[in-house]
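Subject: Structure handover

Hello,

Here is the structure I said I would pass on. Please open it next to this email and follow along.

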Amino acid sequence: MAQYLVDDLDGTAAQETILFELDGDRFRIDLSRENAAALRSVLSRYAKAGRYVRGYRRKSVREGGAAPAARQDNPVIRRWARENNLPVTDRGLIAHRILQLYEQAHPDAS
């Protein structure tokens, strides 16, 4: 069975998934060719002015990084984030910062 992507901005057919990071939070977005080009156009100005970070990677759990939340916990975390006026998407990855705040507020949940 074929799997179709839906553009996360406008609901049309998406052709690609783009990964990007901002303020330590990693994002994944499905976009049409047109919306992907628009995103790249906006970000290119900042990327050209910025510095490339070679060898960058997040810390693994073994190195003291945060473990990803279990898939079944995502609805609970999203509800908690909304109740606390934190920006969270309806689907996809939950921002690392939100996961950290949830873990701090619920130390017994892990």
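Asp25 is buried, because its relative accessibility is 7%. Buried means under 20% relative accessible area, exposed means over 50%, and partly exposed lies in between (1.4 Å probe, protein chains only). Asp25 meets Arg97 in a salt bridge between their side chains (3.9 Å, N to O). The pair links distant parts of the chain: Asp25 sits in strand 4 and Arg97 in helix 3, 72 residues apart. A salt bridge here is a side-chain nitrogen of Lys or Arg within 4 Å of a carboxyl oxygen of Asp or Glu. Arg97 is partly exposed, at 37% relative accessible area.

Some ground rules. This is a predicted model, in which local features need pLDDT of at least 70 and side-chain atom pairs count only at pLDDT 80 or more, while totals for chains, interfaces and linings use all residues. Residues are numbered from 1 along each chain as its sequence is written, and side-chain values use heavy atoms, with hydrogens and water left out.

Now the layout. The protein chain has three helices and four strands. From the N terminus, the order is β-β-β-β-α-α-α. Helices (H or I, at least four residues) and strands (E, at least two) are DSSP runs, numbered from the N terminus. Of the 110 residues, 22% count as buried.

How many salt bridges does a search of the whole structure find? It finds five. One of them joins Asp8 and Arg91, with the closest N and O atoms 2.3 Å apart. Asp8 is in the loop between strand 1 (5-6) and strand 2 (13-14), Arg91 is in the loop between helix 2 and helix 3, and the two are 83 residues apart. Asp8 is partly exposed, at 32% relative accessible area.

Another salt bridge joins Glu16 and Arg40, whose closest N and O atoms are 2.9 Å apart. Glu16 lies in strand 3 (residues 16-22) and Arg40 in helix 1, so the pair ties together parts 24 residues apart in sequence. Glu16 is partly exposed at 24% relative accessibility. Arg40 is also partly exposed, at 46%.

Back to strand 4, which holds Arg26. The C-alpha atoms of Arg26 and Arg97 are separated by 9.5 Å, though the two are 71 residues apart along the chain. Arg26 is partly exposed, at 37% relative accessibility.

Ser32 lies in the loop between strand 4 (25-31) and helix 1 (33-49). Is Ser32 buried or exposed? Ser32 counts as buried, because its relative accessibility is 4%. Leaving aside neighbours within four places in sequence, Ser32 is in contact with Asp7, Thr12, Ala13, Ala14 and Gln15. Contact means heavy atoms within 4.5 Å.

On to helix 2 (residues 74-83). Its buried residues are Asn74, Ile77, Arg78, Trp80 and Ala81. They cover an arc of only 165° around the axis, which puts them on the same side of helix 2. That arc is taken from the directions from the helix axis to the C-beta atoms. These buried residues pack against helix 3 (96-105).

Last, look at Asn85. Asn85 is found in the loop between helix 2 and helix 3. Its phi is positive, about 55°, although Asn85 is not a glycine. Asn85 counts as exposed, at 72% relative accessibility.

Best wishes
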